[in-house]
Amino acid sequence: MIEEKKVTSEKIVLIGVVTQHQDEEQSNEYLNELEFLTLTAGGVAVKRFTQKLEIPNPKTFIGTGKLDEVKQYMEANNIETAIFDDELSASQLRNIEKVLDCKVLDRTSLILDIFARRAQTSYARTQVELAQCQYLLPRLTRLWTHLERQKGGIGLRGPGETEIETDRRIIRDKITLLKKKLKVIDKQMAVQRKNRGKMVRVALVGYTNVGKSTLMNVVSKSDVFAENKLFATLDTTVRKVVIKNIPFLLTDTVGFIRKLPTQLVESFKSTLDEVREADLLLHIVDISHPNFEEHIASVNKILDEIKSANKPTIMVFNKIDVYQHETIDSDDLVTKKTKEHYTLAEWEKTWMNKLDNNCLFISALNKENLENFKEKVFKEVKKIHITRFPYNDFLYEEYKEID
Ligand SMILES: Nc1nc2c(ncn2[C@@H]2O[C@H](COP(=O)(O)OP(=O)(O)OP(=O)(O)O)[C@@H](O)[C@H]2O)c(=O)[nH]1
Ligand SMILES: [Mg+2]
């Protein structure tokens, strides 16, 4: 007999700080993202707590009064997990756990958890495990406090300390081992990339869930896993694509996110090498997302960190099929026009206009404007291809594609 399993999602409260530089809407968007991350990790956010603070409280992230309020709510509603919208330091974690007496997660551990669930290959798993160990190491002091709190007393200090030291050693050894393992894989990957020869390399980059894999699938007729969840893709996929008469390699890779944990950037180094070694970047943006401009900034920041900010780039604004803007009635003289009111045509006239024509609007899902997209990619790839294969000009005799 098969035992029936009751599937209940973990109930969770979300906690964020609203700083001076944010307006209400923005911090709301941040918490929406945290909620989406929570959902992707298999939890259900049932309540949000926010507090206006200049900077997060160095001891407890939010003020102690607010923390008590959270505690009361959690106790009253039987909730055992709290997630904070930022990385917490070891001491913050300790202090908060002391008050809330429940499972406390931060943005980083949540993202690491999602990555761990999503990792398919041993390569991705190794990279995530390394990031997790690096996150854990400085936070191991927590165990010590638990012991101290439970038993106290002088006599117990010894064993507690030893235990922690042992744990630390185990984690350090594991880090060394994982790094070694990654080095071996890195070498193999580098060889693989070299073997691909001089072919032009194009990489899809962008915020998570913007439609990179979907676009990859329609362009290369491949079948990469795409899903309306965050970080659907962790492993890199490379496909040979031919547009007109030029072949090139198209890479789909892991999506970026605001405040991507540094441990992850570091351990995903070789996955990101695909981006670093690309000749051309296609920066995909979900223009239907209210925060898309900030997403672009987050992606650019990470590109800068991996020294890839100055590569030739085509900005591809995706999901135009679901783009919506607010409207102002013609007799409404009070409402001021803001970005929320822009039509796509109006957006095109903003800073996008300065992108040297290297920007376009598509829908990967509905295959809208894909011909234009291919044309633009073709032009850019051709520029690079010519420098690489100067005698190969017979390739450019264009012929009509026969469907
Ligand atoms: N409406 C609409 N949805 C789209 C479009 N392109 C992709 N999507 C949807 O957006 C979701 C995410 O798509 P993916 O292709 O997995 O996005 P991704 O950028 O690869 O995401 P990660 O791998 O998680 O970083 C899926 O549910 C897609 O069906 C589009 O043009 N319009
Ligand atoms: Mg993807």
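**Reading a predicted model, from helix to ligand**

Me: Which residues of helix H1 are buried?

Reply: In H1, the buried residues are Tyr30, Leu31, Glu33, Leu34, Leu37, Thr38 and Thr40. Please keep in mind that this is a predicted model. As a general idea, an α-helix has 3.6 residues a turn, so residues three or four places apart point the same way.

Me: In which sense do E1 and E3 pair, parallel or antiparallel?

Reply: To read a pairing, one looks at the sense of the two strands and at the bridges between them. E1 and E3 are parallel and share four bridges. Within this pairing, Ile12 has Thr81 of E3 as its bridge partner. E3 is also joined to strand E4 (residues 103-106), again by four bridges and in parallel. There, Ala82 faces Val104 of E4.

Me: Is strand E7 largely enclosed or largely open?

Reply: A residue counts as buried when 20 or more other C-beta atoms lie within 10 Å of its own. Strand E7 (residues 246-252) has six of its seven residues buried, so it is largely enclosed by the rest of the structure.

Me: Which strands pair with E7?

Reply: Strand E5 (residues 201-206) pairs with E7 in the parallel sense over four bridges, and Arg201 stands opposite Leu249 of E7. Strand E6 (residues 237-243) runs antiparallel to E7, with seven bridges joining them; here Arg239 faces Leu250. E6 and E7 form a hairpin with two residues between them, and Lys244 in the turn has a positive phi of about 55 degrees.

Me: How is the protein chain divided into domains?

Reply: There are domain 1 (10-117), domain 2 (119-180) and domain 3 (198-327 + 336-396). The centres of domain 1 and domain 3, taken over C-alpha atoms, are separated by 32 Å. Their contact takes 11 residues from domain 1 and 10 residues from domain 3. On the side of domain 1 that touches domain 3, H1 and H4 are the elements that give two or more residues. The largest share, six residues, comes from H4. By class, this side of domain 1 has six nonpolar, two polar and three charged residues.

Me: Which residues come nearest to ligand 1?

Reply: One begins with the shell of residues around the ligand, then asks which elements supply it. The shell here has 23 residues, of which Gly211, Ala226, Asn228, Thr233 and Gly255 come nearest. Helix H8 (residues 212-220) gives the largest share, three residues. By class, the shell holds eight nonpolar, 11 polar and four charged residues.

Me: Where does Asn366 lie?

Reply: Asn366 is in the loop between strand E10 (359-361) and helix H13 (370-388). This residue has 13 other C-beta atoms within 10 Å and is therefore partly exposed. Its C-alpha atom is separated by 15 Å from that of Val316, the two residues being 50 residues apart along the chain.

Note on methods. Residues are numbered from 1 along each chain as its sequence is written. Chains are lettered from A and ligands numbered from 1 in the order in which they are written. This is a predicted model: local features need pLDDT of at least 70, side-chain atom pairs count only at pLDDT 80 or more; totals for chains, interfaces and linings use all residues. A residue is near a molecule or strand if its C-beta atom, placed from the backbone, lies within 6 Å of it. Ala, Val, Leu, Ile, Met, Phe, Trp, Tyr, Cys and Pro count as nonpolar, Asp, Glu, Lys and Arg as charged, and the others, Gly among them, as polar. A residue is buried if 20 or more other C-beta atoms lie within 10 Å of its own, exposed if 12 or fewer, and partly exposed in between; C-beta atoms are placed from the backbone. Two strands pair if DSSP finds at least two bridges between them. Domain bounds come from an automatic or database domain assignment. Two residues are in contact if their C-beta atoms, placed from the backbone, lie within 7 Å.
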